[in-house]
Amino acid sequence: MNASAHPSAPPSSGRTDSAAMPWLASLNAAQREAVEFGGGEGGVAGPLLVIAGAGSGKTSTLAHRVAHLIAGGADPARILLLTFSRRAADEMGRRVQRLLGQLAATHPWLAHAELNWSGTFHGIGARLLREYAGRIGLDVAFTIHDREDSADLLNLVRHEQGFSEKSRRFPLKGTCLAIYSAAVNTRAPLAEVLQASFPWCAEWEDELKRLFRAYVQAKQAQQVLDYDDLLLYWAQMMAEPELAQEVGALFEHVLVDEYQDTNHLQAAILLAMKPDGRGLTVVGDDAQAIYAFRGATVRNILDFPAAFEPPARIVTLEQNYRSTQPILAAANAVIALAAERYAKDLRSDRGSSQRPRLVSVKDDAEQAAYVVEQALARREDGLRLRQQAVLFRASSYSARLEMELTRRNIPFVKFGGLRFLEAAHVKDVLALLRWAENPRDRIAGFRAVQLLAGIGPKTAGRVLDNVCAAPDGCALLAEQPVPDGAREGWLAFAALIDRLAGRDGGPAPWPAGFELACRWYEAQMPRLYEDAPVRLPDIQQLARIAATYPGRRQFLTELTLDPPSATSGEPGMPLVDEDYLILSTMHSAKGQEWSAVSVLNVVDGCIPSDIATRNGAEIEEERRLLYVAMTRARDHLDLILPQRFYVSQQQGLGDRHVYAGRSRFIPNRLLEHFEQITWPLPPPGLRGTPASRQAAVDLAAKMRDMWR
Ligand SMILES: Nc1ncnc2c1ncn2[C@@H]1O[C@H](COP(=O)(O)OP(=O)(O)OP(=O)(O)O)[C@@H](O)[C@H]1O
């Protein structure tokens, strides 16, 4: 809500004295400088870069800055806050409100201040594009394709262009999409992208160009945008000076979290909106840049200050509040070996005698047993499971652990695994809605139509051709040529779609329309899926989520951009008040913290992952990923090293057992930062003393020295 629109609006000055703001006392000097930067009577401040080490309170500093700006008189409706995930945006909103709540007794209007422009770049992009659709030649009813839909459409075009019949093998749809996406997000010429990241596809440059041209045409004809388009269209819109100025003027302040993981397009958007940097604040940590594989570039943060004249003010946060000193020392040692970085002197006042542990176990079964035993032991000591996380490089690494947790009836939630939207049955229902929303969306239509018994790709293709050729709203679905055996079902289906689209006279119903779609779909499920009963709760869950949105369009947009996790096929999502262990990929652990963290498979081949060791830059990113994982821990950190583990679905290799050594990111010279243990512990009589265990390491070094 716009604060000034509220009945108890602020007094005309709308300002609160800086000295009266209660939160300032809790900040350290650097944080306070970042929060207060530009305060006072000088108007909107120039650009600010906050370089923040892990756990140094950058998220909290950003929230404080937003609260500070609002309390200082800034209109919350004119603050744009861009975060990496929707979850982060929600969390930030909550923190800002909590802070402003502290002033509510004396400044009642602050209790109602709400940030209504906070979200991810993609989410905000979608919203602006819809608002400006008419001005930039977009249909306001455009639908958004997720990665899988985009790959399907690209595949269709690839086929139509005859590339699937080439005698030499043309890149597959997933690779084509990755190349397309890399070129769009890095803004680099195709030849350069191919050379740098896809050299084995370089011979197809001309064909790929043709393919991408046709893909863009197909998207435009169908009025669909893919994820990359949300940024690309926004950036193109900002390349029009008049529009850039107009959109830029909507926001007095623009604040960006996790700036190290933004790409060229995102930087271009910001600079076009705020060319002189006034009102622009970005925060980030170059040591935590982990999204280069999606086109992010750490140069954005490194080059930010010099993009303005005078250059941006830099504030560096170096006090770590999260981790104990030994954990921080180990993490610092790991990142100190990085090839290039902004040097930071991260320190912690949290003393502890416990170094992080390097735990050797025989295989992934023992790894799972170890993790469970430790988690339960800590719980016995009073540490809730929710305060404990298990992190891994690839989602599949936790399979054994998930089985063990299920067997022992220990609840857990997993972040970064199968996403809700990737579940086939969820995609089915959304395809129905999307097709009703936009009859030109062929990917949605193709999926929806084939849900019917007796209708295959051929009939579906014919129906879609007819629908696309018909003028808007005149598709006459019921009269489409379908096989006789399918006719009865088809009539009911056509009536459903017409009802959902509001083509049967009444307005499109919502959320009742969703219920109708679900009821129709549930009747099809037993035919479509053997395990229909397991999938059914997801559909019911989807209906519950849908009911919280004002309409179908908002629902589809939000869900495509920020899907919740799937539940079926995994242990049920625990109740909110229940205790549960956190399982997460390292990427999804970004920005989080837990008291105890265990990292699985800290061995070469897993971290760095053997799919990311093609060049130095990829290896450096893997190092930062391990650093991100280690710096999530407050009090306990275990890095686990199975000597033998099982990997599944390796391309070209199939499932197999692998033997591997400790990750190259923890070479021998870093061992002093860790306590090394082997689990299960040998019987007490055979354990030796700490000194004799250290001696074993020295002996190993001597053996190696023999060959120097
Ligand atoms: N001035 C402060 N005094 C005490 N604790 C603080 C202070 N600033 C931050 N913290 C605490 O430090 C921890 C880390 O803060 P936050 O999550 O904001 O860090 P971050 O910089 O975003 O971390 P990362 O980049 O590693 O994700 C939190 O538990 C937070 O409450």
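Asp498 is in contact (heavy atoms within 4.5 Å) with Leu477, Arg503 and Asp504, leaving aside residues up to four places away in sequence. Asp498 sits in helix α19, residues 487-501; helices (H or I, at least four residues) and strands (E, at least two) are DSSP runs, numbered from the N terminus. With a relative accessible area of 18%, Asp498 is buried, where buried means under 20% relative accessible area, exposed over 50%, and partly exposed in between (1.4 Å probe, protein chains only).

The model is predicted: local features need pLDDT of at least 70, side-chain atom pairs count only at pLDDT 80 or more, and totals for chains, interfaces and linings use all residues. Residues are numbered from 1 along each chain as its sequence is written, and side-chain values use heavy atoms, with hydrogens and water left out.

An unreviewed UniProt entry places a "binding site" feature at Ala52, Gly53, Ala54, Gly55, Ser56, Gly57, Lys58 and Thr59; such annotations may be inferred rather than shown by experiment, and the positions are given in the numbering used here, with feature names shortened. Ala52 belongs to strand β1, residues 48-52. Ala52 is buried, at a relative accessible area of 0%, and touches Lys58, Gly284, Asp285, Leu317 and Lys344, not counting residues up to four places away in sequence. Gly57 is found in the loop between β1 and α2 (58-71). Gly57 is buried too, with a relative accessible area of 19%, and under that sequence limit of four places touches Gln31 and Leu317.

Next come the nonpolar cores, sets of buried Ala, Val, Leu, Ile, Met, Phe, Trp, Tyr and Cys residues joined through side-chain atoms within 4.5 Å. The largest has 70 residues, of which Leu208, Leu211, Trp234, Met237, Val254 and Met273 touch the most other members. Beyond four places in sequence, Val254 touches Leu80, Leu82, Leu270, Met273, Lys274, Gly279, Leu280 and Thr281. A second, separate core of 66 residues includes Phe412, Leu581, Leu626 and Ala629.

The whole structure holds 4 cavities of 30 Å³ or more. A cavity is a set of points on a 1 Å grid over the protein atoms alone where a 1.4 Å probe fits but cannot get out, and lining residues have an atom within 4 Å of a point. The second largest cavity has a volume of about 50 Å³, a volume being the space filled by probe spheres set on the points. Its lining includes Arg130, Phe142, Arg434, Glu437 and Arg553. Helix α22 gives the most to this lining, with 4 residues.

Terms used. 1 Å grid on protein atoms, 1.4 Å probe; cavity = no way out; pocket = protein on both sides within 12 Å on 5 of 7 lines; lining within 4 Å.
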